[in-house]
Amino acid sequence: MTTPTAVALEDAKVAFRLGDGRVYTAVEKAHLAVAQGEFVAIVGPTGCGKSTLLNVAAGLLKPAAGSVRIFDRQLTGLNQDAGYLFQADALFPWKTALDNVAIGLEIKGTARAEALPRAQKWLTSVGLGAFASRYPHMLSGGQRKRVALAQVLIRDPKILLMDEPFGPLDAQTRQVMGNLLLDLWNADRKAVLFVTHDLEEAIALADRVVIMSAGPSSRIIGDWRVSLPRPRDIFEVRLDKEFHALHREIWSVLKDEVMKGYVQSTQAVEAV
Amino acid sequence: MSRPTLFALQVLVAVVCIVLWQVLSTIPVFGKILLPPFFFSNPFDVFSQIVKWFASGVIWKHLGITLAESILAFVIGSLGGVLVGFWFARQPLVAAVFDPYVKMVNALPRVVLAPIFALWLGLGIWSKVALGVTLVFFIVFFNVYQGVKEVSRTVLDNGRMLGMSERQLMQHVYWPSALSWMFSSLHTSVGFAVVGAVVGEYLGSAAGLGYLIQQAEGVFDVAGVFAGMFVLSAFVILIDFGVTLVERRLLVWRPMASDGRG
């Protein structure tokens, strides 16, 4: 028996209409499959449309062509099987940490009396048990990400979509959060699609690393399997020989795209 | 600066002003009284007028009426502002159609409406309430409209991805955001409710602080006018203090709830 495919993008194309009527193609013919229980990281230079691709998988954006299949069903509307971790702060600022986590259950109709203790349990498992009554603005950036993680995971989604979730954090906090994510993921191995611009982070976390070319009309140009043993420790795995070999191999491809992306972004500025 | 020092300095300003006023209005400087009592009265007379009002108890009736008018104006204006603000923000077409008229009415100095309200609603409290409502409504309306429009895209997407229905988005996202904007303009809107009541009373009524000031002015009782002004100021400060307490309770989730957008 083969493992079912959680997310399948089939020749997905994403295009936006610009203000002056021209059409900007962000992503061209993206073909990507994430198996159940698989952790896939998408890496690409700035502005290559990797977040766009994630939004397509979430159902927040409709592809201009091609299709999205979630567990072999055509995706229409929002992807209800997926939990989405945003890059920017997405917590409800008027709710306490506890209420922010509990809301995930309350939406589905779980009684508040039942939702609160479960939310407290999740807060504890992301290391914020003592911060339940804090409002988001009283938490640090890393703590807010922990709450957001608990908010998404309490709903027990089958798929986890993450858009540079640790992007705004400092280097040390990123690694701590990476380890926390791996620990939580190890418990039930959801399908994960993780977008990042940090190749090291991608290799350390994922089973597969997918590379996208510089935009516009970016495509998927590489797909590497990471066979580092699990469970991993992000601090340790970076010292591994295999890690370095893989990093060198992927970087040789990625480097050109990063340079292209850089040149394009500076030219775009000059054209304006 | 420590709180007692600050408070002492604040009191000092009042003391200096009152002493200057008393001295200049009673003691001649180079043979001339700089603040003639007919135009400026003096602090002692004003103070005894205030004491007389409170001792005889007449002031309570006027304070009560002004307070009632302010509260009614605030409640009705806020309710209307919230409902219409929400409606406009969720129905861009309606907002676009009504936009020029909203701007037109808002640009109108509300004082000119007072005679109309007096004609329509009589000289009782309701014409003053109506005037206050026209002031409060627009402040609340614009804030709620803004609050609903400016909900963060990410927070909204997050709500949707968590599986919220339109109704749940309303309850958990739009509504709290709109309310927070409304509460941040609480000082302004409560202040305008009082302004509406007092101006309405001043222009034609049989009771209230505005009436008291207008009556004193009518007989050139300058001490009475000043006394009315001081009672009004104290009244507004008390209400503002109450609003601050309410605000602190309601906006705990916001960083620096004290200085709101108005």
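Here are questions and answers on a predicted model with chains A and B.

Residues are numbered from 1 along each chain as its sequence is written, while chains are lettered from A and ligands numbered from 1 in the order in which they are written. In this predicted model local features need pLDDT of at least 70, side-chain atom pairs count only at pLDDT 80 or more, and totals for chains, interfaces and linings use all residues.

Visitor: Into which domains is chain A divided?
Guide: Domain bounds come from an automatic or database domain assignment. In chain A, domain 2 covers 82–156. Domain 1 is written in two pieces, 5–81 + 157–271.

Visitor: Which element gives the most to the side of domain 1 of chain A that touches domain 2 of chain A?
Guide: Two residues are in contact if their C-beta atoms, placed from the backbone, lie within 7 Å. By that rule, 19 residues of domain 1 of chain A meet 14 residues of domain 2 of chain A. On the domain 1 side, two elements give two or more residues: α5 (171–188) and β7 (159–163) of chain A. With five residues, the top giver is β7(A).

Visitor: How many residues of that side of domain 1 of chain A are nonpolar?
Guide: Ala, Val, Leu, Ile, Met, Phe, Trp, Tyr, Cys and Pro count as nonpolar, Asp, Glu, Lys and Arg as charged, and the others, Gly among them, as polar. Three residues of the side of domain 1 of chain A that touches domain 2 of chain A are polar and three are charged. The nonpolar ones number 13.

Visitor: Which are the edge strands of the six-stranded sheet in chain A?
Guide: Strands (E, at least two residues) and helices (H or I, at least four) are DSSP runs, numbered from the N terminus. Two strands pair if DSSP finds at least two bridges between them. The open sheet runs in the order β6-β7-β8-β3-β9-β10 (chain A), with mixed pairing. The strands that pair on one side only are β6 (82–85) and β10 (220–225) of chain A.

Visitor: Why are α10(B) and α11(B) called oblique to each other?
Guide: Axes are lines fitted to C-alpha atoms, for helices over the stretch in contact, and angles run from 0 to 180 degrees between N-to-C directions. Angles under 35 degrees count as roughly parallel, over 145 as roughly antiparallel, 65 to 115 as roughly perpendicular and the rest as oblique. The axes of α10 (residues 186–203) and α11 (residues 209–218) of chain B come within 7 Å and cross at roughly 40 degrees. The two helices are therefore oblique.

Visitor: How far apart are the centres of the two domains of chain B?
Guide: The assignment for chain B gives domain 1 (1–40) and domain 2 (42–250). Their centres are taken over C-alpha atoms. The separation is 33 Å.

Visitor: Which element gives the most to the side of domain 1 of chain B that touches domain 2 of chain B?
Guide: Nine residues from domain 1 of chain B and four from domain 2 of chain B make the contact. Both α1 (3–26) and α2 (37–40) of chain B give two or more residues to the domain 1 side. The most, five residues, come from α1(B).

Visitor: Which element supplies the largest share of the side of chain B that touches chain A?
Guide: The contact takes 19 residues from chain A and 18 residues from chain B. On the chain B side, α8 (153–161) and α9 (166–184) each supply at least two residues. The largest share, six residues, comes from α8(B).
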